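Visitor: I've got a model open and would like a quick tour. Can you walk me through it?

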Amino acid sequence: MNTKRLSDSIEKALSDQMNKEIHASHTFLSYGIWADDKGYQGIANFLYRHAQEERNHSIKFMEYVLNRGGKPKVDAIPAPPTDPESLTDCFEGVFKHEVDNTTAIYKIVDMALEEKDWATWNFMQWFVQEQIEEETLAQNLIDKLKIAGGDRASDESLFTLDKTLQETPGDVPLAQEATGDNP
């Protein structure tokens, strides 16, 4: 008896999105390492938390495909982009990734609607809402940096921005608080 409740096209789109989320996780991890190396530990931890959140999103896609009788396919993940040239470049990169992710999610929503796959359409609504939050968060990063003075911000302004992002609550713990028992 066939228990698969996804079309091949939806299964592939969901697997592709799972891999896209992993790529976003690697990108934000890479950006976090860049920020950490530049002395922006608060911004780095913010990006590390964001990287973990993107990985968690990939797991949501994996579990959904498995729960619907499919088998997600893990593909090779492209290398993250080169290091940002500046904080502006970094934050604009975060925003660009979120917008690209939103576009990919909307395509899956459209496919689910066309195929009348209401379970997948419903599942994707969480991601539609999440992307509103993610794009807003990324835009707020750009706005905060502009208020601080952009790439010509004073050391004091950048220190304050870095500290603010260090203290920003997140759904995942700070990287420096991770242990073997609590990764």
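This is a predicted model: local features need pLDDT of at least 70, side-chain atom pairs count only at pLDDT 80 or more; totals for chains, interfaces and linings use all residues.

Visitor: Okay, how many helices and strands does the protein chain have?

Guide: There are 5 helices and 0 strands. Read from the N terminus, the elements go α-α-α-α-α. The C-alpha atoms fill a box of roughly 65 × 35 × 25 Å along the principal axes.

Visitor: What percentage of the residues is buried?

Guide: Buried residues are 43% of the 183 in the protein chain. Buried means under 20% relative accessible area, exposed means over 50%, and partly exposed is in between (1.4 Å probe, protein chains only).

Visitor: And among contacts between residues at least 6 apart in sequence, what share joins residues at least 24 apart?

Guide: That share is 81% in the protein chain. A contact here means heavy atoms within 4.5 Å.

Visitor: Let's look at a loop. Where is Pro-72?

Guide: Pro-72 sits in the loop between H2 and H3.

Visitor: Buried or exposed?

Guide: Pro-72 counts as buried because its relative accessibility is 14%. Leaving aside neighbours within four places in sequence, Pro-72 is in contact with Ser-15, Met-18, Met-62, Val-65 and Leu-66. Its C-alpha is 8.3 Å from that of Phe-61, 11 residues away in sequence.

Visitor: What about Lys-116, which loop is that in?

Guide: Lys-116 belongs to the loop between H3 and H4. It has a positive phi of about 55° although it is not a glycine. Lys-116 counts as exposed because its relative accessibility is 58%.

Visitor: Which residue follows H4, and what's its phi?

Guide: Gly-149 follows H4, with a positive phi near 120°.

Visitor: How far does H4 reach from its first C-alpha to its last?

Guide: H4 has 31 residues and reaches 45 Å, close to the 45 Å expected at 1.5 Å a residue. The expected span is 1.5 Å times one less than the number of residues. For H3 (87-115), 29 residues reach 42 Å, close to the 42 Å expected. H5 (155-167) has 13 residues reaching 18 Å, also close to its expected 18 Å.

Visitor: Staying with H5, which residues are buried there?

Guide: Leu-158, Leu-161, Asp-162 and Leu-165 are buried in H5. They are on the same side of H5 because they cover an arc of only 100° around the axis. That arc is taken from the directions from the helix axis to the C-beta atoms.

Visitor: What's on the other side, and what covers the buried ones?

Guide: Glu-156, Phe-159 and Glu-167 are exposed on the other side of H5. The cover over the buried residues includes H2, H3 and H4.

Visitor: New topic. How many cavities of 30 Å³ or more turn up in the whole structure?

Guide: The search finds 1. On a 1 Å grid over the protein atoms alone, a cavity is a set of points where a 1.4 Å probe fits but cannot get out, and lining residues have an atom within 4 Å of a point.

Visitor: How much space lies in the largest cavity, and what lines it?

Guide: It holds about 30 Å³, the volume being the space filled by probe spheres set on the points, which are joined across faces, edges and corners. The lining is Phe-46, His-50, Val-94, Glu-98, Glu-134, Leu-137, Ala-138 and Leu-141. H4 (118-148) gives the largest share of that lining, 4 residues, while H2 (41-67), H3 and H4 each supply at least two.

Visitor: Last one: what is Ile-105 in contact with, sequence neighbours aside?

Guide: Ile-105, found in H3, is buried with a relative accessible area of 0%. Beyond neighbours within four places in sequence, Ile-105 is in contact with Gln-17, Glu-21, Met-124, Phe-127, Val-128 and Gln-131.

Definitions and conventions: Residues are numbered from 1 along each chain as its sequence is written. Side-chain values use heavy atoms; hydrogens and water are left out. On a 1 Å grid over the protein atoms alone, a cavity is a set of points where a 1.4 Å probe fits but cannot get out, and a pocket is an open set with protein on both sides within 12 Å along at least five of seven lines; lining residues have an atom within 4 Å of a point.
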